[in-house]
Amino acid sequence: MQTLNAYEESSGQLVNKEKSHFMIHSSTFTSTRDRIKRITDYEPKEGVTTYLGCPLFAGRPRIIYFSDLINKVLHRIIGWQVKILSYGGKAILIKHILQSLLIHLLSAVTPPVTILKQIQGIIADFVWGWRNEKKKYHWSSWKNLSFPVEEGGIGVRNLIDVCRAFQYKQWWVFRSKQTL
C-alpha cells in the first residue's frame with residue numbers, strides 16, 4: 001500500500017479501488033489471502049485477466065493465455081489473403097503491421113516459446129501462400145528469412161530474439177535505475 005500511495009502522490013493519479021483487485025497463486029494459504037484482502041481492501045481475482053492487451057496472471061505463463069494474440073494475427077492475415085500480393089508487399093505488411101502488433105505485448109510479458117514459434121509459422125505460411133487449401137512449399141526457413149535484407153533475409157525480426165532483447169532491456173532498467 002505504501003508503493004501505491006507513493007505512486008498516487010508522485011503521479012497525481014488515484015487508484016480506483018472498485019476496479020482494482022489482487023492476484024495470488026492458487027496454492028497460497030487462505031490466511032495470507034485474507035490478510036492481503038484486509039490490508040488492501042481489494043478483492044482477489046481468480047484466473048487470468050487482460051490489461052492493455054497483455055495477459056496478467058499468477059504463476060507460469062500458459063499457452064491459452066495468449067490465444068487472443070494468435071487470433072489477432074490470424075484475423076489480419078485472413079483479411080490480406082484475398083488480395084494478390086507480391087512477396088515484397090507481404091514483407092512490408094509483416095514488418096510494419098504484424099510485428100508492430102506484437103511489440104507492446106513482448107515488451108511487457110514473455111510468452112511461451114511455443115506461442116512465438118506458432119506465430120512465426122503463421123507468418124511464414126502467409127509469406128509462402130496457399131494453393132487448393134494446402135500450404136505451398138516453404139523455400140526457405142523462417143530462421144533464414146528473419147535476417148536483414150543486406151544479409152539475405154526479408155528484413156523481419158525473429159520474435160524469440162525480440163523477446164530476449166526486451167528481457168535484457170528490462171533487466172538493465174531494473175539494475176541501473178532507481179524507479180518505483
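## Helices, a surface patch and a loop residue

Ser 67 is found in helix 3, which covers residues 67–81. The model described here is predicted. Ser 67 and Ile 115 are 48 residues apart along the chain, and their C-alpha atoms are separated by 8.6 Å.

Helix 7 comprises residues 159–176. At 1.5 Å a residue, its 18 residues should span 26 Å, and the end C-alpha atoms are 26 Å apart, which agrees. Four residues of helix 7 are buried: Leu 159, Val 162, Cys 163 and Phe 166. Seen down the helix axis, the buried residues of helix 7 fall within an arc of 100°, so they line one face. The general rule behind such a pattern is that an α-helix has 3.6 residues a turn, so residues three or four places apart point the same way. The cover over the buried residues of helix 7 includes helix 4 (87–108) and helix 5 (113–128). On the face turned away from the buried side, helix 7 carries the exposed residues Tyr 168, Trp 171, Trp 172 and Arg 175.

Gln 120 lies in helix 5. Gln 120 is buried, with a relative accessible area of 8%. Which residues is Gln 120 in contact with, leaving aside its neighbours within four places in sequence? They are Trp 142, Asn 158, Leu 159 and Ile 160. One of these, Leu 159, is also among the buried residues of helix 7.

Leu 4 lies in helix 1, residues 2–11. Leu 4 is partly exposed, at 30% relative accessible area. Together with Met 1 and Ile 39, Leu 4 makes a nonpolar surface patch of about 240 Å².

Asp 41 is found in the loop between helix 2 (30–40) and strand 2 (43–44). Asp 41 is exposed, with a relative accessible area of 61%. Its phi is positive, about 65°, although Asp 41 is not a glycine.

| Residue | Relative accessible area | Class |
|---|---|---|
| Gln 120 | 8% | buried |
| Leu 4 | 30% | partly exposed |
| Asp 41 | 61% | exposed |

How values were computed
Residues are numbered from 1 along each chain as its sequence is written. This is a predicted model: local features need pLDDT of at least 70, side-chain atom pairs count only at pLDDT 80 or more; totals for chains, interfaces and linings use all residues. Side-chain values use heavy atoms; hydrogens and water are left out. Patches are made of residues with over 30% relative accessible area and no salt bridge: like charges are joined within 9 Å, nonpolar side chains (Val, Leu, Ile, Met, Phe, Trp, Tyr) within 5 Å. Accessible areas come from the Shrake-Rupley method with a 1.4 Å probe; for residues, only the protein chains shown count as cover. A salt bridge is a side-chain nitrogen of Lys or Arg within 4 Å of a carboxyl oxygen of Asp or Glu. Helices (H or I, at least four residues) and strands (E, at least two) are DSSP runs, numbered from the N terminus. Buried means under 20% relative accessible area, exposed over 50%, partly exposed in between (1.4 Å probe, protein chains only). The expected span of a helix is 1.5 Å times one less than its number of residues. The arc is that of the directions from the helix axis to the C-beta atoms. Contact means heavy atoms within 4.5 Å.
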